[in-house]
Amino acid sequence: MTTIEYQNLTNLEDLHKTSQPELGLVCITVGQQVRFRTITRTRYLKLDSEQKVSALRELYLHNLQRLNDALSFCQQNQIRLYRMPSGLFPMSDMEDEIGANILEEMSADLGKIGHKSQALGIRIVLHPDQFVVLSSDSPEVLQTSIKILERQARTFDLLGLPRSPWSLMNIHGGKSQRTAQLVKVIADLPEAIKSRLTFENDEYAYSSSEILAVCQQAGVPMVFDAHHHICHENLDSYDDASVTEMFYAARETWKHPDWQLVHISNGETAFRDRKHSDMITAMPSVYYQAPWIEVEAKRKEEAIAHLRSWWLIENNHK
């Protein structure tokens, strides 16, 4: 992988200059370098107001420092894509707004971290948790989903990250056969959310073609996941023609094609096993055309290093 001169990167549209895809680290490392703390809702609710403020402030400061450490780890290992944990600041979307207020007080510290990511050319993205279901027919679930996205979008704003798919928030379609409703909900979302929102195909509810239709109608980018696609379509190869077709169709939904992000994972015990394997040992050939790939493997940074070594050996044999 070509060494990146981070300090010289200034234009986001010109960041991708290497001949191989940029491989992304998902949330934590398999080693202890990148780890975060949390607090359960049950424990939080047992605290009085003063204890809640103290507990969350300490936790947020700790996790913010670890986010800084994560960026340093990515820089040291030439990783330019990092998926931030959705639970980095737990309880920040609670009705009491204690966590939200603490984050506002920490805005200067958050801003420094965001500035660091951009100065290093490290792209930060997010995958909000499974409770975000914009296609739900329950008004309560929809309201909660939007609230979670608003909190995540506000965190991105505090970090100073751009309101664009460069700093995307990626979610699944949710309840099946709700395409029209999903498109309508997206249209009414606040700009801080919609400007960053992307959708990913899944193994169950929304096939690649179905989520592509949502993205085309709503005007948001599609994150293509080849493993979800082969599981949903019951395919025997990542090089099935439909994989290539959907990869390029998804690219068309990106206003900046060089920002296109895809996911890769392998089955743990069988090709179509939905559980993720430790390493990546198979990948669609078309993914060599991907600018950015999130590596969804259990061995995290080790899987990234393995893929780089694999590509190096392949290139030497050409």
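Trainee: Over the face of which ring does R123 lie at 5.2 Å from the ring centre?

Mentor: In this predicted model, that ring belongs to W292.

Trainee: Why is the pair of W166 and W292 called edge-to-face?

Mentor: The ring centres are 5.5 Å apart and the planes stand at 90°. Centres within 6.5 Å make a pair, and planes over 60 degrees apart count as edge-to-face, so both conditions hold. The pair is one of 7 aromatic pairs in the whole structure, and W166, W259 and W292 form one aromatic cluster.

Trainee: What makes W166 and W292 a tie between parts of the chain?

Mentor: W166 lies in the loop between α5 and β4, whereas W292 lies in strand β8, so the pair ties together parts that are 126 residues apart in sequence.

Trainee: How do you know whether W166 is buried or exposed?

Mentor: Its relative accessible area is 3%. Buried means under 20%, so W166 is classed as buried. W292, with a value of 0%, is buried by that cut-off too.

Trainee: Why is the pair of F247 and Y248 edge-to-face?

Mentor: The centres of these rings are 5.1 Å apart and the planes are at 80°, so the pair is edge-to-face. F247 is buried, with a relative accessible area of 0%; Y248, at 39%, counts as partly exposed.

Trainee: What makes the contact of E95 and K147 a salt bridge?

Mentor: The N to O distance between the side chains is 2.8 Å. The limit is 4 Å, so the contact qualifies. E95 is in the loop between β2 and α3 and K147 is in helix α5, 52 residues apart. E95 is exposed because its relative accessible area of 68% is over 50%, while K147, at 27%, is partly exposed.

Trainee: Which parts does the salt bridge of E191 and R163 tie together?

Mentor: These side chains meet at 2.6 Å, N to O. E191 lies in helix α7 and R163 in the loop between α5 and β4, so parts 28 residues apart in sequence are tied together. E191 is partly exposed at 46%, as is R163 at 42%.

Trainee: Which residues do salt bridges that share partners join into one network?

Mentor: The network joins D157, R163, E191 and R196. The count for the structure comes to 16 salt bridges.

Technical notes: Residues are numbered from 1 along each chain as its sequence is written. This is a predicted model: local features need pLDDT of at least 70, side-chain atom pairs count only at pLDDT 80 or more; totals for chains, interfaces and linings use all residues. Side-chain values use heavy atoms; hydrogens and water are left out. Rings of Phe, Tyr and Trp (its six-membered ring) pair if their centres lie within 6.5 Å; planes under 30 degrees apart count as stacked, over 60 as edge-to-face and the rest as tilted. Helices (H or I, at least four residues) and strands (E, at least two) are DSSP runs, numbered from the N terminus. Buried means under 20% relative accessible area, exposed over 50%, partly exposed in between (1.4 Å probe, protein chains only). A charge sits over a ring if NZ of Lys or CZ of Arg is within 6 Å of the ring centre and within 35 degrees of the ring normal.
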